[in-house]
Amino acid sequence: MTLPELIADRRVLLCVGSGGVGKTTTAAAIAAAAARRGRVVAVLTVDPAQRLKDALDLRALDGKPRRVPLGRIPGRLDAMLLDVKRTFDELVRGLATTPEQARVVLENRLYQNLSSTLAGTAEYMAVETVYRLAEEGEWDLLVVDTPPARHAVDFLDAPRRLLALLDSRAFAILKDPSTILGGAGSRLAQWVLSGVIRGLERFTGIGLVGEIADFIRAIEGLTEALRARVAAVGGLLRSDASRLVLVTAPEPRIAAETAELATALDGVGLAVHGVIVNRALPRTLYGPGAPDPGPVGAASPALAARLARGFADLRTLAARQAAVVAPLLATARAPLLAEVPLLASAPGSLDDLTVIGRHLFPDEIVGGSAARGRGV
Amino acid sequence: VSARLPLRTQRLVVVTGKGGVGKSAVTAALARAAAAAGRRVLAVEVGRGRLGAALGVPTPLGLQPVAAGSGVQAAAIEPDEALGEFVERVLRLRMLARRLLESTSFQVVAAAAPGLPEFLVLQTLQTWLDARRLGRRVHDLVVVDAPASGHSLPLLAAPQTLGALARVGPVAESLARIGERLADAAHTAVLLVTTPEELAVRETIELHDELSARLGLPCAPPILNAMPARRFGAADAAALDRLDAHHPHVLAARFLLARRREAMAQAAALKRALGTPVTLPFLYDEPESAAGIGTLADVLATASDLAA
């Protein structure tokens with residue numbers, strides 16, 4: 001599947017990858033290209049660099065989409081900041097049957113710790129927002145710049161794990177410790193768990209038993225509603241309406257993380273539809289197959305030598321990059337969708353996005369309506 | 001006027017920064033530089049990363065320190081693992097501890113004691129710092145390759161986070177001692193590593209505020225890693241205009257010039273906020289090779305008080 005095909009008729013495109021690989025820029029450039037092709041697009045982003053933020057006019061975390069001024073184009077592009085901190089509380093408020101029920105949960109200290117520290121919760125909330133916006137149906141396509149995941153699939157697998165946590169059987173272990181040892185006799189189990197908790201209490205000096213009981217009482221009433229919601233969000237991500245691309249950079253650490261991510265995504269049943277490599281040096285110029293151009297005529301010998309050295313350095317870097325990308329593509333079992341060259345400075349304007357868009361969609365006639373409606 | 005890294009008498013150096021700025025390479029280079037100055041060094045990675053590769057250790061690092069070249073040992077510690085070990089110790093029943101740890105609901109227990117896994121990591125570091133054999137220290141210096149900024153905060157804030165909850169018992173006592181030593185500039189140095197890129201510099205400045213102002217930790221001058229060298233001057237830039245604009249050498253030079261200009265702007269922003277950094281060069285060839293780490297170690301040795 002090519003990149004133009006990926007944006008042609010799907011509803012959600014997730015850009016996934018490590019922090020610092022240019023996911024935000026890639027997501028914005030893809031979204032702009034889709035808007036130029038006539039789609040009504042929103043790009044949802046987590047933490048853009050200041051200049052890109054300015055370019056997209058993303059001033060505040062107010063959850064409001066802002067129109068990106070792309071001139072006269074057939075479609076429309078809105079940009080919006082995803083607030084991964086606030087929405088969990090909002091979700092609790094939305095699902096609670098009474099304000100009192102919400103208040104009890106929100107004020108529980110354990111809930112406060114869990115909502116910020118339970119691995120993947122923040123990431124999950126980003127996905128939750130995507131689900132909400134997809135439901136609202138104002139946009140044809142949502143391009144999502146996902147939060148950098150600490151553990152490979154936190155943000156996508158979080159629905160399943162959150163569900164597992166909220167599953168009453170899991171909570172049952174704390175309510176009735178006999179379930180932990182299924183069949184081994186409840187008295188022994190009770191003794192084991194209370195031993196653990198007493199041990200922890202003794203070592204930490206924290207009153208754990210009471211806290212946990214309070215938390216379970218508080219969250220119990222919400223569990224069913226949360227479960228239904230989480231299942232629906234997980235369903236959208238795995239459905240045919242969603243597509244997922246990996247964004248990476250040709251550096252050993254990042255490529256290794258991306259390969260790990262690809263394997264983990266596969267493990268939770270999420271297919272990778274392609275890989276975009278940012279910050280690549282152009283192969284045609286510096287790649288191993290590119291011809292040696294020979295010295296520059298008319299340059300002084302000293303300058304010519306320094307020019308040759310600079311060129312040689314970039315060729316060394318390009319070779320290193322090529323060696324890093326090949327094994328990643330093999331692991332991900334997904335096509336290389338595009339290579340975006342290393343820009344001298346971080347992209348910070350709509351023009352920069354257009355430049356990047358040309359590398360992502362080399363066949364597109366940028367700015368006009370030529371590509372309008374293709375595949376839509 | 002170059003910044004000075006305090007490494008000569010400190011026992012604990014924590015290296016942190018945004019993901020991908022080269023923390024592991026800097027940690028490995030610091031370890032090599034300190035070992036070359038005669039200190040017995042233990043390089044520790046928190047989590048799973050590239051420290052082993054940067055030190056040329058072929059096997060995955062673990063809790064048991066392994067030799068990693070002259071004067072350097074290396075180990076790794078995972079907060080979750082530390083928590084597991086702790087529960088096993090408290091329970092003394094390995095099998096049952098495993099079952100409990102595997103259950104999702106254990107996360108609830110862990111969340112009730114925020115900072116506990118991180119505290120256990122700090123406690124392990126402490127054990128290494130205190131280790132003695134035949135009456136002398138096993139490790140003079142412990143260099144920690146900490147997790148990326150967002151996740152190194154919980155680690156370094158653990159004495160405060162957990163300390164606010166745990167007021168009595170063995171943990172409380174141990175926490176107080178660890179907190180004191182972390183805040184002591186004669187004992188600890190926190191090194192923030194960044195690259196000359198906007199996001200990395202911004203995150204480093206924010207992290208510095210958190211670590212220094214909020215947690216009161218002794219932060220050393222920042223380390224600016226992967227700074228592209230100055231290859232062409234103003235006269236060259238003018239000369240380039242008279243050359244064949246499409247020649248690959250000229251294109252390469254223009255690219256390098258623009259990259260250097262951008263890096264200088266970011267370096268200036270870093271300097272304005274946090275003072276003069278210690279600058280490490282961008283290495284076009286493999287930075288994590290023995291030669292690459294050696295180059296970085298030489299610069300760090302010169303920029304520190306190790307030789308004094």
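These legends go with a few close-up views of a predicted model. Residues count from 1 along each chain as its sequence is written, and chains are lettered from A in the order written. Local features need pLDDT of at least 70 and side-chain atom pairs 80 or more, while totals for chains, interfaces and linings use all residues; side-chain values use heavy atoms, without hydrogens or water.

**View 1. The open sheet of chain A has eight strands.** Their order is β3-β4-β2-β5-β1-β6-β7-β8, with mixed pairing. Strands here are DSSP E runs of at least two residues, and helices are H or I runs of at least four; two strands pair if DSSP finds at least two bridges between them. β3 (66–67) and β8 (336–341) of chain A each have a single partner strand, so one side of each lacks a neighbour in the sheet.

**View 2. Here β3(A) meets β4 (residues 76–81) of chain A.** Two bridges join this antiparallel pair, and A:Arg67 sits opposite A:Asp78.

**View 3. Helix α13 (residues 252–267) of chain A lies across β1, β6 and β7 of chain A.** The helix runs at about 160° to β6(A). Such angles go from 0 to 180 degrees between N-to-C directions, using lines fitted to C-alpha atoms, for helices over the stretch in contact (heavy atoms within 4.5 Å).

**View 4. The largest nonpolar core has 53 residues.** A nonpolar core joins buried Ala, Val, Leu, Ile, Met, Phe, Trp, Tyr and Cys residues through side-chain atoms within 4.5 Å, buried being under 20% relative accessible area (1.4 Å probe, protein chains only). A:Leu44, A:Leu142 and A:Leu246 have the most contacts inside this core. Helix α7 (residues 121–136) of chain A gives the most to it, with eight residues.

Notes. Buried < 20%, exposed > 50% of the residue type's maximum accessible area, 1.4 Å probe, protein only.
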